Amino acid sequence: MNSWSKWLDYWLQKLKHLIPTYIKDSQQVLDEIKTIELPPNAKLFTCDANSMYNNIDTEHAITVISWWLKDMDEKEQLPANFLLEAVIHAMKIIMRNNIFEWGDLFFLQLIGTAMGTSAAVIWATLYYVYHDVHTLIPVHGQLLLYFKRFIDDIYYYRPR
């Protein structure tokens, strides 16, 4: 299964440039905030989600990520030759069929992101980008001078 997850990760990684809140690491945050002019009362906030991966409902994530992918396809923003239907099919197979080992026992993971798979990180990132772009930013964007996410870590500036 991990070979297929590596394949999925390869294709989903090609979408990072479409994620407006994506950052590659904390150094990028430091570099970017040096270039923006902030009011004297601006405050930097960070947060870290607890147990994010295992709290992502698999079926909801498949639906949400598929919506986002199809939206990007309709806007003709997906990379050339992006295998949309194959990617969606691979997401379903990988996330619904993760078997993990604990000691000498094997378990089928029934809840949450398929842990230990190559595609888990970008999967979680894409799941949250839909919420960021369609809910968080439209509702609260005017209060956010800077908003970036690194998987389950969020960095943002807002006026006091």
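D73, E74, E76 and E85 together make up a negative surface patch (patch members have over 30% relative accessible area and no salt bridge, with like charges joined within 9 Å; Asp and Glu count as negative, Lys and Arg as positive). One of these residues, E74, sits in helix α3, residues 58-74 (helices are DSSP runs of H or I with at least four residues, strands runs of E with at least two). E74 is exposed at 67% relative accessible area (exposed means over 50%, buried under 20%, partly exposed in between, with a 1.4 Å probe and protein chains only). All this comes from a predicted model, where local features need pLDDT of at least 70, side-chain atom pairs count only at pLDDT 80 or more, and totals for chains, interfaces and linings use all residues. Residues are numbered from 1 along each chain, and side-chain values use heavy atoms, leaving out hydrogens and water.

On to the charge pairs: the whole structure holds three salt bridges (a side-chain nitrogen of Lys or Arg within 4 Å of a carboxyl oxygen of Asp or Glu). E59 pairs with R96, their closest N and O atoms 2.7 Å apart.

R149 is buried at 7%, and D132 is buried at 0%.

D9 in helix α1 is buried too, yet has no salt bridge: K16, the nearest side chain of opposite charge, is 7.9 Å away.

Conventions
Patch = residues over 30% accessible without salt bridge, like charges linked within 9 Å, V, L, I, M, F, W, Y side chains within 5 Å. Areas by Shrake-Rupley, 256 points an atom, 1.4 Å probe, with all protein chains shown as cover. Charge placed at Lys NZ, Arg CZ, Asp CG, Glu CD.
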